[in-house]
Amino acid sequence: MVQRTLMAANAAATAPRSPNRRGGLRLRWGMLGGLGIALVAMFLLSVALGSVNIPLNEIVRVLLGGEASRDSWTNVILVVRLPKALTAALAGAALGVSGLMMQTLFRNPLADPFVLGINSGASLGAALVVLGTGTVGGTLLAGFGLGGDFLLAFSAAAGAGAVMMIVLLVARRVQSSVTLLVMGLMFGYLTSALVSLLLYFNLPERVQAFTNWSFGSFGGVTWGQMQVMLPVIGIGLLLALVLVKPLNALLLGEVYARSMGLNVRRARIGIVLTTALLAGTVTAFCGPVAFLGLAVPHLTRGLFNTSDHRLLVPGTILMGALVALIASLIAGMPGSRMVLPLNAVTALLGAPVVMWVILRQQQRQNVFGGGA
C-alpha cells in the first residue's frame with residue numbers, strides 16, 4: 001500500500017500539467033507566438049549589429065532580395081551575418097531540444113548531452129577528422145567540398161551516438177540516476193582523454209586550430225556547409241516533434257509507459273538517435289557549445305509552467321534559437337572588433353539557470369522534509 005501511494009504521488013508530481021480551461025491553453029499558445037515574434041526581432045538585431053551597425057530597413061531590404069544603399073553592407077549581410085545568425089538559431093534549437101529529451105529520458109533535471117558524454121563523443125569523432133586533415137573553424141574541410149562536410153557531420157554524430165549507446169547499456173543495469181550520471185561523466189572523461197592524446201601527438205598548428213574550434217563559434221559556417229547543417233538539423237527537429245507522445249509517456253517512468261502501450265525500447269532508440277544527430281551535427285560545425293542544452297529546457301518550462309511536450313518541444317526550439325542568438329550577439333561585442341569565446345558567454349548565461357534549478361530542488365526537498 002505504501003509503495004502504491006508513493007508511486008501515485010510521484011506520478012502526480014511529474015505528470016504533464018495541461019490546462020483545464022481553454023483560456024489557459026490559448027494563453028500558452030499565445031506565449032508561443034510571442035516567443036516566435038521575439039525570435040524574429042532578435043534575428044534581425046543579430047544581422048544588424050556588429051563591428052559596423054547597419055540600419056534595420058537596409059537589413060529587411062536585402063533579405064527581401066534588394067540591394068543595400070552601400071555595396072559593402074550587402075556583402076556583410078549575405079556573406080557574414082546572415083549565415084552566422086541562421087547557424088546560431090539552428091544550433092540553439094538543436095541543443096535545447098536534445099537537452100530536453102535527455103532530461104525526460106533520464107528523468108534528471110541536470111542531464112544534457114554534455115554531462116552524459118555525448119558532446120565529448122562528438123568532439124572525438126570530429127577530432128579524428130579535423131586533426132587528420134588540419135582544417136577547422138571557418139574552413140572546415142573546405143578542401144574536401146560538400147563530401148567533407150558530410151564526413152565531419154557523420155563522424156561527430158557517430159561519436160555522439162556511440163557514447164550514448166554505451167550510456168544506455170549501463171542504464172539498463174543500474175537503478176540510480178546519480179550512478180548513471182557519474183558513468184556518463186566517466187565516459188566523457190575517457191573520450192576527452194583520447195582527444196588529449198591525439199592533440200599531444202599532433203602538429204602544433206593543428207592543435208591550435210582544434211583549440212580554437214573547441215571554444216565554439218557560430219561564425220564559421222559557410223553557405224556551402226549550410227546545405228548540410230540545415231537539412232540534418234531540420235530532420236532532427238522533425239523527429240523530436242514526432243517523439244512528443246513517447247516523451248510525455250516517459251515522464252512517469254518506463255513501467256507506466258509500457259502500461260500505456262509504448263514500445264519503450266523503440267522510443268529510447270529514437271530519442272538516442274535524434275539526440276546524437278542534433279548534438280553531433282552542432283558540435284561538428286560549431287564546436288562543443290556548452291550549457292545551452294542544459295539551461296534552455298528549464299527556461300522553457302519556467303515560461304510555460306508545464307511538462308507537456310506538445311508545448312515544450314516547439315517552445316524549446318524557439319527558446320533555444322533565441323538564447324543562442326543572444327549569446328552570439330554578446331560574444332560578437334557590437335561596436336568593437338573583439339570577439340569573445342562563445343562558450344564563455346553561454347556559461348555566463350547558463351550557469352545561473354543551473355544554480356537556480358539546484359536551489360529550487362533543495363527548497364522543494366526542505367518543504368517535503370518539513371511536512372513529513
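## Where α3 meets α4

Glu-58, Ile-59, Val-62 and Leu-63 of α3 touch Trp-73, Thr-74, Ile-77, Leu-78 and Leu-82 of α4. Here a contact means heavy atoms within 4.5 Å, and helices (H or I, at least four residues) and strands (E, at least two) are DSSP runs, numbered from the N terminus. Sort the residues of this contact by type and you get 7 nonpolar, 1 polar and 1 charged. For that sorting, Ala, Val, Leu, Ile, Met, Phe, Trp, Tyr, Cys and Pro are nonpolar, Asp, Glu, Lys and Arg are charged, and the others, Gly among them, are polar.

How do the two helices cross? The axes of α3 (residues 56-63) and α4 (residues 71-106) come within 10 Å and cross at roughly 75°, so the pair counts as roughly perpendicular. An axis is a line fitted to C-alpha atoms, for helices over the stretch in contact, with angles from 0 to 180 degrees between N-to-C directions. Angles under 35 degrees are called roughly parallel, over 145 roughly antiparallel, 65 to 115 roughly perpendicular, and the rest oblique.

Let's look at one residue from this contact. Thr-74 sits in helix α4 and is buried, at 8% relative accessible area. Buried means under 20% relative accessible area, exposed means over 50%, and partly exposed is in between (1.4 Å probe, protein chains only). Leaving out residues up to four places away in sequence, Thr-74 touches Val-62, Glu-67 and Ala-68.

## What kind of model this is

This is a predicted model, in which local features need pLDDT of at least 70 and side-chain atom pairs count only at pLDDT 80 or more, while totals for chains, interfaces and linings use all residues. Residues are numbered from 1 along each chain as its sequence is written, and side-chain values use heavy atoms, with hydrogens and water left out.

## The overall picture

What is the protein built from? Its secondary structure comes to 15 helices and 0 strands. The protein has 372 residues, and 48% of them are buried. Take the contacts between residues at least 6 apart in sequence: 78% of those join residues at least 24 apart.

## The nonpolar cores

A nonpolar core is a set of buried Ala, Val, Leu, Ile, Met, Phe, Trp, Tyr and Cys residues joined through side-chain atoms within 4.5 Å. Which residues touch the most other members of the largest core? Among its 87 residues, they are Met-102, Met-164 and Phe-218. Helix α4 gives the most to this core, with 17 residues.

Phe-218 has quite a list of partners. Not counting residues up to four places away in sequence, Phe-218 touches Lys-84, Thr-87, Ala-88, Ala-91, Cys-286, Val-289, Leu-292, Ala-324, Ser-328 and Leu-342.

## Salt bridges

How many salt bridges are there? The count is 2, where a salt bridge needs a side-chain nitrogen of Lys or Arg within 4 Å of a carboxyl oxygen of Asp or Glu. One joins Glu-58 and Arg-61, at 3.5 Å from N to O. Both residues are in helix α3, 3 residues apart, which is about one turn of the helix. Glu-58 is buried at 7% relative accessible area, while Arg-61 is partly exposed at 37%.

Arg-310 also makes a salt bridge, with Asp-308, and their closest N and O atoms are 2.6 Å apart. Arg-310 is exposed at 51% relative accessible area, whereas Asp-308 is buried at 5%.

## Two loop residues with positive phi

Phe-291 has a phi near 75°, a positive value in a residue other than glycine. Phe-291 lies in the loop between α12 (264-286) and α13 (292-304) and is partly exposed, at 26% relative accessible area.

Asn-305 has a positive phi too, near 55°, and isn't glycine either. Asn-305 is in the loop between α13 and α14 (309-332), and is partly exposed at 43%.

## Apart in sequence, together in space

Leu-27, in helix α2 (residues 22-48), is exposed at 54% relative accessible area. Leu-27 and Phe-304 are 277 residues apart in sequence, but their C-alpha atoms are 9.3 Å apart in space.

Then there's Phe-154, in helix α6 (residues 145-171), which is exposed at 60% relative accessibility. Phe-154 and Ala-122 are 32 residues apart in sequence and 9.5 Å apart in space, C-alpha to C-alpha.
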